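Please read it beside the sequence and the coordinates.

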Amino acid sequence: YMEAAGYSTSPEAVRDRARAVAGFLQRFPTLQDWSALSSAEIISCQSGERAFLQYLFLRHVLPMPSEYVLTGRHNLGLMASRLMERETYYRYKEQARRLGYAELTVDRQFGVMVHLMAWAQKPMHGLSNGDVIAFENALAGAVSKEGYKGKRLKHGVPWSWSRDLQEIRNVLLHLGIVRQEASRPRRAKSFAERWAHISVGIRTVMQRYLGQLALVQQPGTLKLEEQHLRRFFSWL
């Protein structure tokens, strides 16, 4: 795999990888022995073994523990997009770019989704809303159990992971892989209702201004801009 995916095949690199794999298999004659480790032991695995572990995760030979997920991004997205999940990566990327996500954002999203796939041991087309929710819950459980410090949390998981999972769900929805979750429809307030407490003169100018922005801005950006302006003029 390493050779086919374009990783270094120098004698030194091959020797180092082989040594790491041999040491890993000597310590864990069966892969289930590794799965039985405590959270602390899983997190503290030796750096030389990580490439082999990640290969096993990507091949769905081992499920990726949620504690291990939170130790870092591990370059799983790069490993996957180079060979094993190359077609998946291009399919995901094409749809994400259509939705307006930037190149760097797409690569970040795919890295998180590969973690989801490795954790669930499923290909992208086999994922469901339930898998995304269960993965987020597992991460929240790991955060609570391990007490990760200094992380901004949302729904109990690091904020960046929560954001990326929401974006991934959106892309998977447009790919037809997951379904829109049923929810009770809620009537959105009109512009006039949202700005009712602000003077008519300001309200009229802001409505024209936001109408102009709507021609060039994404809906999410426009909504955020309106919120900022409404707070300012409410204060004023």
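Against which helices do the buried residues of H13 pack? In this predicted model, the buried residues of H13 pack against helix H11 (191-194) and helix H12 (200-213). Helix H13 covers residues 219-235, and its 17 residues should span 24 Å at 1.5 Å a residue, which agrees with end C-alpha atoms that are 24 Å apart. The buried residues of H13 are Leu222, Glu226, Leu229 and Phe233; seen down the axis of H13, these buried residues fall within an arc of 70°, so they line one face of the helix. Gly220, Lys223, Arg231 and Trp235, on the other side of H13, are exposed.

Aromatic pairs form a second topic, and the count for the model comes to 16. Two of these pairs are set out here.

| Pair | Centre to centre | Angle between planes | Class |
|---|---|---|---|
| Trp119 and Phe135 | 5.4 Å | 55° | tilted |
| Phe232 and Phe233 | 5.0 Å | 70° | edge-to-face |

Because Trp119 lies in helix H8 (residues 103-120) and Phe135 in helix H9 (residues 129-146), their pair ties together parts that are 16 residues apart in sequence. Trp119 is partly exposed, with a relative accessible area of 22%, whereas Phe135 is buried at 0% relative accessibility. In the other pair, Phe232 is partly exposed at 40% relative accessibility, while Phe233 is buried, with a relative accessible area of 16%. Ring pairs also link Phe232 and Phe233 with Phe191, Trp195 and Trp235 into a cluster.

Conventions: Residues are numbered from 1 along each chain as its sequence is written. This is a predicted model: local features need pLDDT of at least 70, side-chain atom pairs count only at pLDDT 80 or more; totals for chains, interfaces and linings use all residues. Side-chain values use heavy atoms; hydrogens and water are left out. Helices (H or I, at least four residues) and strands (E, at least two) are DSSP runs, numbered from the N terminus. The expected span of a helix is 1.5 Å times one less than its number of residues. Buried means under 20% relative accessible area, exposed over 50%, partly exposed in between (1.4 Å probe, protein chains only). The arc is that of the directions from the helix axis to the C-beta atoms. Contact means heavy atoms within 4.5 Å. Rings of Phe, Tyr and Trp (its six-membered ring) pair if their centres lie within 6.5 Å; planes under 30 degrees apart count as stacked, over 60 as edge-to-face and the rest as tilted.
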